[in-house]
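Open your viewer and get ready to click along.

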Amino acid sequence: MDYLLQLAADPAAWVALVTLVAMEVVLGIDNLIFISILTNKLPEQYRSKARRIGISLALIMRLALLGTIAIIVRLTAPIFEVFGHGFSWRDLILIAGGLFLVWKATTEIHHNVDPQTHAEDVKDSKITIGFTAAIVQILMLDIVFSIDSIVTAVGMTEHIPIMVIAVIAAVTCMLLAADPLARFIEANPTVVMLALGFLIMIGMTLIAEGFGAHVPKGYVYAAMGFSTAIEGLNMLVRRRRTAGARH
């Protein structure tokens, strides 16, 4: 109790908390985009449930990892070398996650460019399999993003309570933004392609970091922000043209 009171009275702890919350929210955008695109492929009545389960699993995963900080720190220790470069468990997880993201985004782009016709009547068994497959894929990416998130948190502060609060705040923001973001993506088909492009870029960034190339996250998110702004202008132009045509 005394420890928590001392922490609450420390201005440096509050600065670390605000910074870490902002960082965790930004890192959560990657995860949220993937969840939104994936769950939009499910039948409508299952989408919100899948998002809540996926994001809740992310919270459980991150809190569980916080309880194993000593293990997480050791994940950054090299376990073997290739051509003089050491690879750790974290590197291998980032590479695997990056490859999965690139493969998934590329597959989704192919399906959007060359859509396949599906029967309207979908049996319950097929819906269940689709729902389970979506949760499994979300869980796989939750593991990658959670480890990256916790390693970032460990690098910014040594206080576990600050990490816990930051993780809970970030995941709460994800829960609040999940449904509106998914509806926005579904209502704007061009945004889907943009988001899939983001996933490819994020996947390549994870692969690069796994091979030891540090890619400043600021550059990645600046590119995403710029692309989003341009797409926003395109949407505004299309709406005004549509309104003008009606009049």
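Here is a short tour, one selection at a time.

This is a predicted model, in which local features need pLDDT of at least 70 and side-chain atom pairs count only at pLDDT 80 or more, while totals for chains, interfaces and linings use all residues. Residues are numbered from 1 along each chain as its sequence is written, and side-chain values use heavy atoms, with hydrogens and water left out.

**Stop 1: the whole protein**

Colour by secondary structure to see nine helices and two strands. These are DSSP runs numbered from the N terminus: helices are H or I with at least four residues, strands are E with at least two. Starting at the N terminus, the order is α-α-α-α-β-β-α-α-α-α-α. Of the 247 residues, 38% are buried; buried means under 20% relative accessible area, exposed over 50%, and partly exposed in between, with a 1.4 Å probe and protein chains only.

**Stop 2: helix α3**

Select residues 44-66. This is helix α3, with 23 residues. From first C-alpha to last it reaches 34 Å, close to the 33 Å expected at 1.5 Å a residue (the expected span is 1.5 Å times one less than the number of residues). Its buried residues include Ala50, Arg51, Gly54 and Ile55.

**Stop 3: a salt bridge**

Which residue forms a salt bridge with arginine 51? Select aspartate 179: the closest N and O atoms of the pair are 2.8 Å apart. A salt bridge here is a side-chain nitrogen of Lys or Arg within 4 Å of a carboxyl oxygen of Asp or Glu. Aspartate 179 sits in helix α7 (residues 160-187) and arginine 51 in helix α3, so the pair ties together parts 128 residues apart in sequence. Arginine 51 is buried because its relative accessible area is 7%, whereas aspartate 179, at 21%, counts as partly exposed. A search of the whole structure finds one salt bridge.

**Stop 4: threonine 205**

Now pick threonine 205 in helix α8. Is threonine 205 buried or exposed? With a relative accessible area of 9%, threonine 205 is buried. Leaving aside neighbours within four places in sequence, threonine 205 is in contact (heavy atoms within 4.5 Å) with Val215 and Val220.

**Stop 5: the cavities**

Rolling a probe the size of a water molecule over the atoms shows where empty space is left. On a 1 Å grid over the protein atoms alone, a cavity is a set of points where a 1.4 Å probe fits but cannot get out, and a pocket is an open set with protein on both sides within 12 Å along at least five of seven lines; lining residues have an atom within 4 Å of a point.

The whole structure has two cavities of 30 Å³ or more. Select Asp30, Asp148, Ile202, Lys217 and Tyr221, which lie nearest its centre among 11 lining residues.

The second largest cavity has a volume of about 40 Å³. Among the residues that line it are Phe34, Lys104, Glu108 and Leu199.

**Stop 6**

Finish at the second largest pocket, with a volume of about 320 Å³. Of its 18 lining residues, Ile33, Leu181, Val191, Phe198 and Thr228 are the closest to its centre. Helix α9 gives the largest share of the lining, seven residues.

Technical notes: Points joined across faces, edges and corners; volume = space filled by probe spheres on them.
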